[in-house]
Amino acid sequence: MKIKECLKSNALKFLAGGFVIGAVFVCFANLMLHATGTKTFCGQCHSMQHEAATFAVSSHRELDCIECHLPHDNFPHYLIEKGRTGMVDMYHEVIRDYPERIKLDGDARKMVNQNCLRCHESTMSYVYLNNQPSGNSDCMKCHSRIAHGSNHLEGGIKID
């Protein structure tokens, strides 16, 4: 009975406390969501040092890793893929089985290609390759070294 009386007399305080805790959680989650997508965060892992070094000297260096490596079609898909790829990366980092040069699998390549087209949509709207609209083209077929270069000193094509 005392619990009911306590809840009844302090209901407003409990609601306010719950709201504050919820607001702090949402702010922290948003901060972590952003922080775990930056090139600084991604480049800390041993297996990503080559990618971070070549990206740092590329023409796309002002972007974060998530701009190319995560989907941007809708937020739930973004969150699911961020969680999935983060867990896969962490697993391979812990067991140290990443190859010296990391290669994109088919799904990741498709996602990166979609993001190229998303950012360069205005330019690509006029480009046709083999009589195919740019939406059906594979940007990485010719431009695979733009963001990460071909060796540790090269960061892709420089446009100054």
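Is E81 buried or exposed? Keep that in mind while going through these points.

1. First, what you are looking at. This is a predicted model, so local features need pLDDT of at least 70 and side-chain atom pairs count only at pLDDT 80 or more, while totals for chains, interfaces and linings use all residues. Residues are numbered from 1 along each chain as its sequence is written, and side-chain values use heavy atoms, with hydrogens and water left out.

2. The overall layout. The protein chain has nine helices and two strands (DSSP runs numbered from the N terminus: H or I with at least four residues for helices, E with at least two for strands). Reading from the N terminus, the order is α-α-α-α-α-α-α-α-β-β-α. Of its 160 residues, 21% count as buried (under 20% relative accessible area; exposed is over 50%, and partly exposed is in between, with a 1.4 Å probe and protein chains only).

3. Back to the opening question. E81 is buried, at 11% relative accessible area. E81 also forms a salt bridge with R84, with 2.6 Å between the closest N and O atoms (the rule: a side-chain nitrogen of Lys or Arg within 4 Å of a carboxyl oxygen of Asp or Glu). The two sit three residues apart in helix α6 (residues 75-95), about one helical turn from each other. R84, for its part, is partly exposed at 40%.

4. The other salt bridges. The count comes to three. One of them joins R96 and E93, whose closest N and O atoms are 3.0 Å apart. Here R96 is exposed, with 56% relative accessibility, whereas E93 is buried at 12%.

5. A pocket to find on screen. R118 turns up again in the lining of the second largest pocket, along with P71, H72, D73, H77, D107, K110, M111, Q114 and N115. (On a 1 Å grid over the protein atoms alone, a pocket is an open set of points with protein on both sides within 12 Å along at least five of seven lines, and lining residues have an atom within 4 Å of a point.) Helix α7 gives the most to this lining, with six residues. By type, the lining has two nonpolar, four polar and four charged residues. The space inside is about 200 Å³.

6. A nonpolar patch. M90, Y91, V94 and I95 form one on the surface, with about 430 Å² of accessible area together (members have over 30% relative accessible area and no salt bridge, and nonpolar side chains are joined within 5 Å; areas use the Shrake-Rupley method with a 1.4 Å probe). Y91 lies in helix α6.

7. One last residue. A147 lies in the segment after α9 (140-143) and is buried, at 17% relative accessible area. Its C-alpha atom is 9.9 Å from that of L63, although A147 and L63 are 84 residues apart along the chain.

Technical notes. On a 1 Å grid over the protein atoms alone, a cavity is a set of points where a 1.4 Å probe fits but cannot get out, and a pocket is an open set with protein on both sides within 12 Å along at least five of seven lines; lining residues have an atom within 4 Å of a point. Grid points are joined across faces, edges and corners, and a volume is the space filled by probe spheres set on the points. Ala, Val, Leu, Ile, Met, Phe, Trp, Tyr, Cys and Pro count as nonpolar, Asp, Glu, Lys and Arg as charged, and the others, Gly among them, as polar. Patches are made of residues with over 30% relative accessible area and no salt bridge: like charges are joined within 9 Å, nonpolar side chains (Val, Leu, Ile, Met, Phe, Trp, Tyr) within 5 Å.
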